[in-house]
Amino acid sequence: MNYKNSKGMVEVTVATEPIAKSTVRSWGNSLALRIPSEVIKMAKFTEGVEIGFHISDDGEVVLRPVAAYPEANDQDSLRKLFLSLRGSSKSGVRSHEELYEPMGDESI
C-alpha cells in the first residue's frame, strides 16, 4: 500500500486482493469486526491502540492508528514522523533538495 498526504487528504493505493477477510457482526447496540492476526501483525496494532476510521468518496474504509499522524501544529511529532519516514526511504530516491534550486530570496 502506498499513500501520500496533501491538503488534508490522503491518497491511498491498495492492492485489489485483500490480505485477509472478516465479517461484521452484532455486538450489543453496535457492530463489531474482528481483525485477523495477519493484519494485526502487518499493521503493528496492539491492544488499546486508538483506530481512526476514514471513508473515501466511493465508500471504501481505511483504518489507521490515530497517533500515527500528528496534528498539523504539533511540530515535534511532525519532525519525528518526517525523520522516521526519511530514514525508511529507499536508497537512490532523490530528495527535494536535489530536485529544486532556491531562487531569489527563498530558502529550502
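## Order of elements

Reading from the N terminus, the elements go β-β-β-β-α-β-β-α-α, giving three helices and six strands. Helices (H or I, at least four residues) and strands (E, at least two) are DSSP runs, numbered from the N terminus. This is a predicted model, where local features need pLDDT of at least 70 and side-chain atom pairs count only at pLDDT 80 or more, while totals for chains, interfaces and linings use all residues. Residues are numbered from 1 along each chain as its sequence is written, and side-chain values use heavy atoms, with hydrogens and water left out.

## Burial and surface

Of the protein's 108 residues, 3% count as buried; buried means under 20% relative accessible area, exposed over 50%, partly exposed in between (1.4 Å probe, protein chains only). The accessible surface is about 10,300 Å², and 53% of that belongs to carbon and sulfur atoms. These areas come from the Shrake-Rupley method with a 1.4 Å probe; for residues, only the protein chains shown count as cover.

## A nonpolar patch

Val 24, Leu 31, Leu 33, Phe 53, Ile 55, Val 61 and Leu 63 make a nonpolar surface patch of about 720 Å². Leu 31 sits in strand β4 and is exposed, at 64% relative accessible area.

## Lys 44

Lys 44 lies in the loop between α1 (37–43) and β5. Its phi is positive, near 60 degrees, in a residue other than glycine. Lys 44 is also exposed, at 72% relative accessibility.

How values were computed:
Patches are made of residues with over 30% relative accessible area and no salt bridge: like charges are joined within 9 Å, nonpolar side chains (Val, Leu, Ile, Met, Phe, Trp, Tyr) within 5 Å. A salt bridge is a side-chain nitrogen of Lys or Arg within 4 Å of a carboxyl oxygen of Asp or Glu.
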